[in-house]
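Take a walk through this structure, one region at a time. Start with the view below.

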Amino acid sequence: MLAANGAGTATLDAKLLVGHALGFDALQLATRESEFVSTLLASSVSELMQRRLTGESVARIIGHKEFYGLEFALNEATLEPRPDTELLVDLALKALPTGGRFVDLGTGSGCIPISILANRPDASGVASDINPRALEMAGRNAERNGVSGRLNLRQGDWFGALLPPPSFPPHKGEGDDRAEESRFDLILSNPPYISSEVVETLAPEVKDFDPRLALDGGPDGLGPYRIIAAEAGAWLKPGGKVLVEIGYDQGAAVSNLFAAAGFSRISVEKDLAGLDRVVSAHHI
Ligand SMILES: C[S@@+](CC[C@H](N)C(=O)[O-])C[C@H]1O[C@@H](n2cnc3c(N)ncnc32)[C@H](O)[C@@H]1O
């Protein structure tokens, strides 16, 4: 059924869905394939197949997805982590100094900060999202991957999430300089970056199942980058760095936003497919 419907990964999809319905792992599926299943289980397999046939991804149906070698649970508020985003994690791991502290804005399932922390026991971080249901999932994923003690979760609108008045350290020195301990070595984000118009044209698998809040970057897709570029400097330690994931055609526009905000040594990094994927910018 799945192959006839055009799914390129029909056999794999079918194995994952049948395994999920029966509670079998890959080995059990292979060794017990000649066993009969009850009508009840057969009908739950059909139910999952029907969902797949309407375009829902296997990860969304089974409720979890692998990213950077770790398992991330998903709910309706979280974007399904994409393999492209692993580049952002690779670059963050290289850029983070020993004992470094970072923030991930728009964390969704928490796939970015949790992957970093799982590979860097010396590091700690903050993860924020405007959607409390996404943060709930990020919290669970942090627990399940053993890094919750080093990840502080904050709800709010971009940098606004970092401003809880009671625990916010007093300003030191002049102007709006923030105390050293509230600043970061690294600011990361994979923000929504698709223009509102283009969101409507995406494949049903994305448009109908990934949360709109995770996709829509406003009229030109650059709205979140404008905010991040304008405000990141105030939250970075001297010499700190910003790494943001971008759409394949946004390298120049996003680089210009960071240049206009006073960042230096701006570069555009390519993913494994050779497409522009991450903009890196240094705070002077
Ligand atoms: C493209 S998704 C990325 C999710 C995750 N970091 C990943 O890479 O899979 C963007 C995330 O930004 C969050 N978001 C959207 N608008 C926001 C805002 N104004 N402030 C903070 N987070 C926001 C969404 O809820 C979503 O989780």
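A residue is called buried when its relative accessible area is under 20%. Keep in mind that this is a predicted model.

Begin with N75. It is found in the loop between β2 (70-73) and α5 (86-95). Is N75 buried or exposed? Its relative accessibility is 10%, so N75 counts as buried. A polar atom of the N75 side chain lies 2.9 Å from the backbone nitrogen of A77. Leaving aside residues up to four places away in sequence, N75 touches R60, R133 and M137.

Now turn to the largest nonpolar core. It has 29 residues. Those with the most contacts inside it include F159, I187, V242 and F258. Several elements each supply at least two residues of this core, among them β3 (101-105), β6 (184-189), β7 (236-245) and β9 (276-282). α10 gives the most, with 4 residues. Apart from this core lies another, of 25 residues, including L91, L188, L243 and V278.

Not counting residues up to four places away in sequence, V242 touches I187, I228 and F258, among others.

Which residues of α11 are buried? They are G251, V254, S255 and F258. These cover an arc of only 100° around the axis, so they sit on the same side of α11. What covers them includes α10, β7, β8 (264-270) and β9. The face turned away from that buried side carries the exposed residues A252, N256 and A260. Just after α11, G262 takes a positive phi of about 95°.

Conventions
Residues numbered from 1 in each chain as written. Predicted model: local features only at pLDDT ≥ 70, side-chain atom pairs only at ≥ 80, totals over all residues. Heavy atoms only, no water. Core = buried A, V, L, I, M, F, W, Y, C linked by side-chain atoms within 4.5 Å. Buried < 20%, exposed > 50% of the residue type's maximum accessible area, 1.4 Å probe, protein only. Contact = heavy atoms within 4.5 Å. Polar contact = N/O pair within 3.5 Å; in protein donor to acceptor, adjacent residues only side chain to side chain. Arc of directions from axis to C-beta.
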